[in-house]
Amino acid sequence: TISDAQTQQPLPFAHVFVNNTTQVTTTDVEGKFSLQNLPAGQTEVIFTFVGYESTQSKVYVKPGEVVTLTIQLTPSLQQLSDVEVKGTRDKE
């Protein structure tokens with residue numbers, strides 16, 4: 001599962017992927033995810049969510065083993081710059 005490190009609330013639709021592969025998934029509304037058919041051995045899994053610091057975890061997988069991870073992401077302190085929207089009216 002993936003949750004907010006401060007509020008402990010689940011992070012729905014966070015991205016989870018295995019580094020240097022095309023294996024990717026997203027969390028459900030409860031912050032849960034599953035990756036199937038990972039290669040045996042050490043694997044690096046990356047976790048990202050908009051507005052949060054990305055994190056990575058090295059996981060050692062044995063054949064046929066189920067590994068459970070609980071990941072907490074920290075909110076990013078970066079803020080986007082202001083956006084100003086201006087409109088004009090066509091006189092015709």
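Trainee: Which residue in E5 stands opposite Val45?

Mentor: Ser57. This is a predicted model: local features need pLDDT of at least 70, side-chain atom pairs count only at pLDDT 80 or more, and totals for chains, interfaces and linings use all residues. Residues are numbered from 1 along each chain as its sequence is written, and side-chain values use heavy atoms, leaving out hydrogens and water.

Trainee: What makes E4 and strand E5 a pair?

Mentor: Start with the terms. A strand (E) is a DSSP run of at least two residues, numbered from the N terminus. Two strands pair if DSSP finds at least two bridges between them. E4 and E5 (residues 55–61) have seven, so they pair. They run antiparallel.

Trainee: How many bridges join strand E2 to E4?

Mentor: Four, again antiparallel, with E2 at residues 15–18. In E4, Phe47 is the bridge partner of Val16.

Trainee: What lies between E4 and E5 in their hairpin?

Mentor: Six residues. In that turn, Gly51 has a positive phi of about 90°.

Trainee: What is the strand order in the open sheet?

Mentor: E3-E2-E4-E5, four strands with antiparallel pairing. Strand E3 (24–26) and E5 are the edges, as each pairs on one side only. The twist averages 25° from one strand to the next. For that angle, axes are lines fitted to C-alpha atoms, and values run from 0 to 180 degrees between N-to-C directions.

Trainee: Why is strand E4 called largely enclosed?

Mentor: Buried means under 20% relative accessible area, exposed over 50%, and partly exposed in between, with a 1.4 Å probe and protein chains only. Seven of the eight residues of E4 (residues 41–48) are buried, so the rest of the structure largely encloses this strand.

Trainee: How do you know whether Asn37 is buried or exposed?

Mentor: Its relative accessible area is 73%, so Asn37 is exposed. The loop between E3 and E4 holds Asn37. Its phi is positive too, about 55°.

Trainee: Which residues lie nearest the centre of the largest pocket?

Mentor: Ser34, Leu35, Leu38, Val66 and Val67, out of 18 lining residues. A pocket is an open set of points on a 1 Å grid over the protein atoms alone, where a 1.4 Å probe fits, with protein on both sides within 12 Å along at least five of seven lines; lining residues have an atom within 4 Å of a point.
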